[in-house]
Amino acid sequence: MELLLSIEDLRVYFYRPEGVLKAVDGLSYRLYKGEVLGIVGESGSGKSVSVLSILRLLPANGRIVSGSIIFDGKDILNLSREELRDLRGKDIGIVFQDPMSSLNPVITIGQQVMEPLLWHNLCSRSEAYERAKEMLGLVGIPLPEERMKEYPFQFSGGMRQRVMIALALICRPKLLIADEPTTSLDVTIQAQIIRLLKRMKEEFGMSVILITHNLALTTNFCDRLIIMYAGNMMETGRTKDILYNPSHPYTKSLLDAVPDIEVDKELIPIPGTIPNLIDPPSGCRFHPRCPNTMDICKEEAPPLFDIDTDHYSACWLYRRA
Amino acid sequence: MKDRILISVRNLRKYFPRGKALVHAVEDVSFNIRKGETLGLVGESGCGKSTVARLILRLINPDGGNIIFDGIDITNISEKALKPFRRRMQIVFQDPVSSLNPQMTVGTIIKEQFAIHNMGSKQEREKWVEELLERVGIDPNFKDAYPHEFSGGQQQRICIARAIALKSEFIVCDEPLSALDVSVQAQIIKLLEELQRELGLTYLFISHDLAVVKHLSNSIAVMYLGKVVEYAEKEELFGNPLHPYTITLLSSVPSLKGKEADVELKGEPPNPINPPEGCPFNPRCPSKVDICEREIPTLEEVSKGHFVACHIVSDRR
């Protein structure tokens, strides 16, 4: 498989009045062409920050302090502003959680979907119109030509998210980032959007990064998963291996703590709360909440250990003697 | 007394004016909640589930129907007559931050209730606060701290402490987990379960998360566009869903088991200002027939304790 994205030892820190918040602290992963990667984590795990870094879209107080991001042969961290603009929206499309605040309320839907094509000078205005119309139809907007004249407020939440997907895909990007794309939507609409993303993936063959806090959402869509906690990768592997054969205590605890509609089980809560990343726990960041804590966990952050083919876990339990 | 009904809701109706139009928020909703049990109220946003909760608590007044609390009709009684009932019912909201006064210490927030209902001496109130905090898993030494000093999960625990302070029997939990992190949600679920067991609490549990509702409820009512479309014991509803909406709703929920939904629900809920003729679900229903566009189906008992509002299901019998 051909490599599309490679991130090495990424560290993203936020400079706050209270101190330095280590949002992503030493993250490395690869994404291949045509692959769907799920990044799963709770709030503050660094899942969104890690992908916003790919687009260099961090807020003003956030800085990439070290590491490298190579996308399609380009060193993202050394691109000029112009080169970055070329990348955004054209090679990499992104869909955010809240479609209302991602769309401009005073510009028609048609204009907004055409904009990336025109901005990147990819085609004429009339062709952009045709392509926008076709794309809106493809993402399931009925009567696209009529609705192109309307404004975001005239669309429901689910329809707006479809528009966002059309917008993100209009330039045929190599990578689609979907950052919690269904979190603000109802469950039947969520199912529609995930189906749509799958269909678009089949249609265009791009790579996808799906960011979510909901493990169950990844089962039928993602090839591979990264489980993040407090700015670190805890475990990574093929989706089936992670869900049915989890190795990291955090992944296991998370699976035990979440009710599932198909399974009746006793819930086992994870004690404590997510740590403050200005002063994160020493060693493994999960150790204060972990059921298997050993002495070394408090002292040293674990590297990734081999579990199985393509399955790694950042946990001292898997250190070979 | 397991089968005693604590809350009975009969043909509840509420319309909200919007401009010249009326939003049909709640339309003919009926169900019972047995003492010590949990009724899960599910449905998508805008289906009227939170309005139902506010009506039961008489935070807003209904336009029709009856609310019977422990055998007494409280639908139209005066605010004064309602006060003793207010003491017996409480609510825990979705967002703990906005339901705790940021300028009061958590101790004062909880104590306020005893003052309102003239209960106990100063020392007693102080003691109760400590016991309550302890009970919900908050160190009582923090009773003089302010809400912002706690995490989201702890704030929700404080809201729960407040809700049980007056030994209320009935608690509405309106999406109490939605603002919390996944790893913290299970802690709150556990706490709610323990309190129910120990104190014999009755819950109306409102959520859009069907997996959570399934975990916590004894019976479940499914709402769509202001109406209850199906209502049954939990096992029956999940094992044998009959209404086409319930069927698609359940199959839309992602599962770690990885089952793929066999039916995709097309379209979106219609506008409650101008609900469709006939069955509210007919524009999206995969199995609709002529009558569905003309007549509103009534909620019928199709087998013992299993109620469905669907022409097709009724005809099949």
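**View 1. Packing of helices α7 and α8 in chain A.** In this predicted model, helix α7 (residues 157-169) of chain A packs against α8(A) at an angle of about 15°, and their axes are 10 Å apart. That angle makes α7(A) roughly parallel to α8(A) (angles under 35 degrees count as roughly parallel, over 145 as roughly antiparallel, 65 to 115 as roughly perpendicular and the rest as oblique). Axes are lines fitted to C-alpha atoms, for helices over the stretch in contact, and angles run from 0 to 180 degrees between N-to-C directions. From α7(A), G157(A), G158(A), Q161(A), R162(A), I165(A) and L169(A) meet I189(A), Q192(A), I193(A), L196(A), L197(A), M200(A) and F204(A) of α8(A), where contact requires C-beta atoms, placed from the backbone, to lie within 7 Å. The residues of this contact divide into eight nonpolar, four polar and one charged (Ala, Val, Leu, Ile, Met, Phe, Trp, Tyr, Cys and Pro count as nonpolar, Asp, Glu, Lys and Arg as charged, and the others, Gly among them, as polar).

Residues are numbered from 1 along each chain as its sequence is written, while chains are lettered from A and ligands numbered from 1 in the order in which they are written. In this predicted model, local features need pLDDT of at least 70 and side-chain atom pairs count only at pLDDT 80 or more, whereas totals for chains, interfaces and linings use all residues.

**View 2. The side of chain A that touches chain B.** The contact takes 34 residues from chain A and 33 residues from chain B. On the chain A side, the elements giving two or more residues are α8 (187-204) and α10 (249-257). Helix α8(A) gives the most, with seven residues. By class, this side of chain A has 18 nonpolar, 11 polar and five charged residues.

**View 3. The eight-stranded sheet of chain A.** Eight strands form an open sheet of mixed pairing in the order β6-β7-β8-β3-β9-β10-β12-β11 (chain A). Helices (H or I, at least four residues) and strands (E, at least two) are DSSP runs, numbered from the N terminus, and two strands pair if DSSP finds at least two bridges between them. At the edges, β6 (92-95) and β11 (305-308) of chain A each pair on one side only. Strand β11(A) pairs with β12 (residues 311-313) of chain A in the antiparallel sense over three bridges, and F305(A) has S313(A) as its bridge partner in β12(A). Helix α1 (residues 47-54) of chain A lies across β3, β6, β7, β8 and β9 of chain A, running at about 145° to β8(A).

**View 4. The four-stranded sheet of chain B.** An open antiparallel sheet is formed by four strands in the order β2-β1-β4-β5 (chain B). Its edge strands are β2 (21-34) and β5 (72-73) of chain B. Five bridges join β1 (residues 5-18) to β4 (residues 64-69) of chain B, and I7(B) stands opposite F69(B) in β4(B). Helix α1 (residues 49-56) of chain B packs on the sheet, touching β1, β2 and β4 of chain B, and its direction makes about 115° with that of β1(B).

**View 5. Crossing of helices α4 and α5 in chain B.** Helix α4 (residues 106-116) and helix α5 (residues 122-135) of chain B pack at about 120°, with their axes 10 Å apart. That angle makes α4(B) oblique to α5(B). G107(B), I110(B), K111(B) and F114(B) in α4(B) meet R125(B), W128(B), V129(B) and L132(B) in α5(B).

Note on methods: Contact = placed C-beta atoms within 7 Å.
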